Amino acid sequence: MKGQLPHTGPEEGFSPPQRLLMGPGPINCDPRVLRAMSHQLVGQFDPDMTRCMNETMQLYRGVFCTQNPWTFLVDSTSRGGIEACLVSLLAPGDRVLVGNFGRFGALLQEIAVRCGAVVQTIDVPWGEVLQPEQVAEAIDRFKPRLVALVQGDTSTTMCQPLAEIGEVCRDKDVLLYCDATASIAGNQLLVDEWHLDAVSVGLQKCIGGPSGSAPVTLGEAAVAEIRKRHHVEKGILAAHHEEGEGARIASNYFDLAMIMDYWGEERLNHHTEAASMLFCARECARLLLAEGLDSVIERHRVNGKAMADGLAAMNLKLYGDQAHRMNNVVGVYIPEGVDGDSVRKQMLEQYAIEIGTSFGPLHGVIWRIGVMGYNARPDAVFLTLAALEQCLIGARHPLSPGAARAAALAAYG
Ligand SMILES: *Cc1c(COP(=O)(O)O)cnc(C)c1O
């Protein structure tokens, strides 16, 4: 079966097909965000450009629930935000404790190792969450400088109990970095109240934008550490660190001290701010705060529950500890005798709906269905459930037709 549009070659402009993106990200952008990206460019130091940067910082303080002055964008996908935080905070030989409970925990571990850190992991089976006591015990034993965690790992759909872990790290005087890309705006994330020292995210999950900008927020302690690591004096890069040599931040592009000097009052030239992504990130945050952060999180909770209940009503088994599931993504076991990839292909080709599988040990074992950002809406939930029901009937999975719709309706109350 062909897609909706005739195939064209490179001599034609690219016309992407219309899809409903119900996987673990990216998702369809809010049309208002797309419009913001089509604005004409402004010079890098134009007063309106720097005003836009300042307003974006202010808006993201609202999104992160923080008063941190240093709340800004790293021009890259979420992975670049993670890398910027770790490469700027870690010096070779630093001890780092990483929560290992999904694909992105493994990424934190890899990046920390590349920074020359001595890494130890706290391992939790996929689909479960870390206990705060485990973190406390591991800190006492390993004495790390930094704990690095993912709040919500889309590979497993679990949301970690960050509030308690933040408290533990604060009490033990250890820095806490968190990747909240998948969870922010779909689940509560209180940066100040939970004592999170550095947090990075992306736009393409519940924030409702495309990938390509990584909002970051840094608390006072993290800023002090980063500044200590890097000092620009009379135009000469000099390393300042108690341990001396080897402490210099290894990256230029991801050196948060330099990026702060660019976003701060000094406006020292670093990269050229990606203006279209800035306009886009600003609009994402503006729309989010206009709807109200709590309402946005509640919208994700209700629509995520309708999806989960609908899937369960199709005689499917949900994946992972449901009490700790992120609001915005549901993992569900591919039933016995059904070819998961062939169902995903049918969903895409016949209904133009994308759903995901997972990684590593979960590839081909579960599907992951996202209900996030612009797509956290009842019509997107009903359409996805209806299409999946048809595919499952075709694959001879026993189910009661109409039950999914009824269960989703009931969840909406
Ligand atoms: C989706 C996701 C990312 C995405 O990283 P990109 O570089 O934007 O692809 C990062 N971290 C987590 C936890 C995610 O779920």
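Predicted model: local features only at pLDDT ≥ 70, side-chain atom pairs only at ≥ 80, totals over all residues.
Student: Does D171 count as buried or exposed?

Tutor: D171 counts as exposed, because its relative accessibility is 59%. Buried means under 20% relative accessible area, exposed over 50%, and partly exposed in between (1.4 Å probe, protein chains only). Residues are numbered from 1 along each chain as its sequence is written, and side-chain values use heavy atoms, without hydrogens and water.

Student: Which helix gives the most to the negative patch?

Tutor: Helix α6, residues 162-171, with 3 residues; D171 is found in α6. Helices are DSSP runs (H or I, at least four residues), numbered from the N terminus.

Student: How many salt bridges are there?

Tutor: Side chains of opposite charge can pair when their charged atoms come close. A salt bridge is a side-chain nitrogen of Lys or Arg within 4 Å of a carboxyl oxygen of Asp or Glu. By this rule there are 18 salt bridges. One of them joins K228 and E225 at 3.5 Å, N to O. Both lie in helix α7 (residues 220-229), 3 residues apart, about one turn of the helix. K228 is partly exposed at 30%, whereas E225 is buried at 17%.

Student: What is the N to O distance between E283 and R286?

Tutor: The distance is 2.9 Å, in a salt bridge. These two residues of helix α9 are 3 residues apart, about one turn. E283 is buried at 11%, and R286 is partly exposed at 36%. Salt bridges also link D48, R51, E55 and R282 in a network.

Student: Which residues of helix α13 are buried?

Tutor: A404, A407 and A408, in a helix that spans residues 403-412. They lie on the same side of α13 because they cover an arc of only 100° around the axis, taken from the directions to the C-beta atoms. The face turned away from the buried side carries exposed R405 and A410.
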